[in-house]
Amino acid sequence: CASCAIEYRLGYTRQPMQVLALDFDGVVCDSAQEVFLVGLRTFTDFFPDSTLVRRFLDAEPSERELDDLFSAFSDLLPLGNRAEDFGVALRAIDDGVAIATQKEYDRFYSTLDPSWLHAFHSRFYEQRAALRDHDCDAWTRLHSAYREFTDRLEEMSERVRLAVVTAKDRTSARLLLAHFGLDALFADELVLDKEIGARKSGHLGVLQARVDVPFEAITFVDDKVNHLLEVTDLGVGRVLAGWGYNTDREYEIARGHGIPVATFENVERVLFEDVGR
């Protein structure tokens, strides 16, 4: 066929997927309520006089999801990468800085003190651990699985190996996988957490060494298009999870780079047939 001839001339042959590597937050787990609450508590440690934050923390839990602050925070989630980005988002909202694009977000990020970003990152995990350890059941209830996707993982695990590559801490990831009934699907050495490093390319490099397959046999699913663009040179299959808090902004960027956008309706076809590289 013509496409096969092109692949032969380029020295490239598409590898069948052997490993499905999943980001955790935004792909497996909806953690927006938890990162928002922990982020606010952390932010308040640094800016206790913020009236914007105080207004939310004083609200009844049933009112929080509809709060404008939560909506604004959710809009910025796809533009960040790690725990300090929750603080960046809240700083932007608190300062009244309008951010609509990745370039605008990165510009605002660059204006912030690196020592504050580092301190926020560390304090965020301290606050998460305190909340989780104080009442693990209440902490767990702040999360939910994307069941339209996760209910298919057991069947997928019969075709490929499953891995998690996440900026989350291992304790939280494992607790939530168990809570969702998914723990047995992920071998312990294939849950790569924040300790691997700050970049998903590093996670995938470690994963590739552990599973001992070509990068081309790994498909990486993330809800953040900037993570998918970061790993372009590795040659892994790349899929943007279209659920969660992505917007048309992320869909257009992904498609512009040849990365398919999966939905609950087409995810299996995308993963096993239409993966972008």
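Start by selecting Lys-200 and Asp-222, which form a salt bridge with their closest N and O atoms 3.0 Å apart; a salt bridge here is a side-chain nitrogen of Lys or Arg within 4 Å of a carboxyl oxygen of Asp or Glu. Lys-200 lies in helix H13 (residues 200-211) and Asp-222 in strand S6 (residues 218-222), so the pair ties together parts that are 22 residues apart in sequence. Helices (H or I, at least four residues) and strands (E, at least two) are DSSP runs, numbered from the N terminus. Both Lys-200 and Asp-222 are buried, where buried means under 20% relative accessible area, exposed over 50%, and partly exposed in between (1.4 Å probe, protein chains only).

The model is predicted: local features need pLDDT of at least 70 and side-chain atom pairs count only at pLDDT 80 or more, while totals for chains, interfaces and linings use all residues. Residues are numbered from 1 along each chain as its sequence is written, and side-chain values use heavy atoms, with hydrogens and water left out.

Next, select Arg-128 and Asp-169, whose side chains meet in a salt bridge (3.2 Å, N to O). Arg-128 lies in helix H8 (residues 114-134) and Asp-169 in the loop between strand S4 (161-165) and helix H12 (170-179), so the pair ties together parts that are 41 residues apart in sequence. Arg-128 is buried at a relative accessible area of 2%, and Asp-169 also counts as buried, at 11%.

Move on to Arg-249 and Glu-250, where another salt bridge has an N to O distance of 2.4 Å. Glu-250 is buried, with a relative accessible area of 1%.

Leaving aside residues up to four places away in sequence, Phe-186 touches Leu-22, Leu-153, Leu-162, Ala-163, Val-164, Arg-174, Leu-177 and Val-191, a contact being heavy atoms within 4.5 Å.

Finally, show the whole chain, which has 16 helices and 8 strands. Buried residues make up 51% of its 277 residues.
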